[in-house]
Amino acid sequence: MVKNLEWDEAYSAVMPLLGVVIGVLGVSISLLVLTRSQAQAVGSLEPPTGVDVDVPKVRYHDSQVFVEVRNPGEWHELREFVRPDDPYLSHAIMGALSG
Amino acid sequence: MDDIAYKLFDYVCKTISYRSDNGEWWGFPAEVLSKRYGDCDDSTILLASMLRRYYPPDRVYAVVGSYRGYGHMWVELDGKILETTYTSAHTVPDPHNYRAYAKFNDIYTVELWPRAMSRIFQLAHNECNKLTLMAEAVSGR
């Protein structure tokens, strides 16, 4: 009987403390999740400049997109690949249009 | 598609034989013309460069995207898909299977959603499967 009373007292003393600990943990985890999701949302709207984004083959800098699609460390802005003024094209175009 | 576009498209299809890269390699137009072979990115960049001599930059783009989930590139002229891996110029029978992520030419770069380009190299890369699916679409299977 005495043992049961002691146990009840201990239980009554510990339970409020346990409730507070669980509450604090819950709020902390919620805040952490909220902060992470906001960071991801901001990142998707405005990618960091000059930093690798997800994969090492693409970088963003000053609204330009750079790709590493040739030799390692050789970065080109996307627009560099389309070269209408390349003199080497002229001969091929003449051949294509006369054929 | 007018006569100039058709002839340039057909020229690239017939002149640049398909050969997949060992890894990722985008050739510049002169390099692709010199080699006379390449994969989708090589022939796309070449045809986009040739077409840009005759069409303004808001009409011609090299498009980076996916074909049935596989990473792919093609040319867009007035919103129409020009598939440069074909062996001759003809219409794409299944445009709904093409999903653009980004498009560019010598003047503009357009990402269809923020950071779309960063997703391109995460797409599946199996040229054999991709070409088989394209061939099936062309043959109507």
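Predicted model: local features only at pLDDT ≥ 70, side-chain atom pairs only at ≥ 80, totals over all residues.

The account below concerns helix 3 of chain B and what lies around it.

Modeller: Helix 3 of chain B comprises 13 residues. From its first C-alpha to its last it reaches 18 Å, close to the 18 Å expected at 1.5 Å a residue. A residue counts as buried here if 20 or more other C-beta atoms lie within 10 Å of its own.

One neighbour of interest is helix 1 of chain B. The axes of helix 1 and helix 3 of chain B come within 10 Å and cross at roughly 155 degrees. Angles over 145 degrees count as roughly antiparallel, and helix 1 of chain B is therefore roughly antiparallel to helix 3 of chain B. The crossing of helix 1 of chain B past helix 3 of chain B is right-handed.

The residues that meet in this pairing can be named. Helix 1 of chain B contributes B:Ala5, B:Leu8, B:Phe9 and B:Val12. Facing them in helix 3 of chain B are B:Ser43, B:Leu46, B:Leu47, B:Met50 and B:Leu51. Divided by class, the contact of helix 1 with helix 3 of chain B holds eight nonpolar residues, one polar residue and no charged residues. A general point bears on the spacing within such lists: an α-helix has 3.6 residues a turn, so residues three or four places apart point the same way.

Helix 3 of chain B also has a part in the contact between the chains. That contact takes 29 residues from chain B and 25 residues from chain A. On the side of chain B that touches chain A, the elements giving two or more residues are helix 1 (3-15), helix 2 (29-35), helix 3 (40-52) and helix 4 (117-120) of chain B. Helix 3 of chain B gives the most to this side, with five residues. The residues of the side of chain B that touches chain A comprise 18 nonpolar, five polar and six charged.

Read from the N terminus, the elements of chain A follow the order α-β-β-β-β-α. Of the 99 residues of chain A, 15% count as buried.

The loop between helix 3 and strand 3 (60-67) of chain B holds B:Arg53. Leaving aside neighbours within four places in sequence, B:Arg53 is in contact with A:Pro84 and A:Ile93. B:Arg53 counts as partly exposed because it has 15 C-beta neighbours inside 10 Å. The C-alpha atoms of B:Arg53 and B:Phe104 are separated by 15 Å, and the two residues are 51 apart along the chain.

Two further loop residues deserve a note on backbone geometry. B:Arg115, in the loop between strand 7 (109-111) and helix 4 of chain B, has a positive phi of about 65 degrees although it is not a glycine. B:Arg115 is partly exposed, with 19 other C-beta atoms within 10 Å. In chain A, A:Ser63 lies in the loop between strand 2 (55-61) and strand 3 (64-67). A:Ser63 likewise has a positive phi of about 65 degrees without being a glycine, and A:Ser63 counts as exposed because it has 8 C-beta neighbours inside 10 Å.

Methods. Residues numbered from 1 in each chain as written. Chains lettered and ligands numbered in written order. Contact = placed C-beta atoms within 7 Å. Helix = DSSP H or I, 4+ residues; strand = E, 2+ residues; numbered from the N terminus. Nonpolar A, V, L, I, M, F, W, Y, C, P; charged D, E, K, R; others polar. Axes fitted to C-alpha atoms, helices over the stretch in contact; angles between N-to-C directions. Parallel < 35°, antiparallel > 145°, perpendicular 65-115°, else oblique. Left-handed = near helix turned anticlockwise from the far one by under 90°. Buried ≥ 20, exposed ≤ 12 C-beta atoms within 10 Å, placed from the backbone. Expected span 1.5 Å × (residues − 1).
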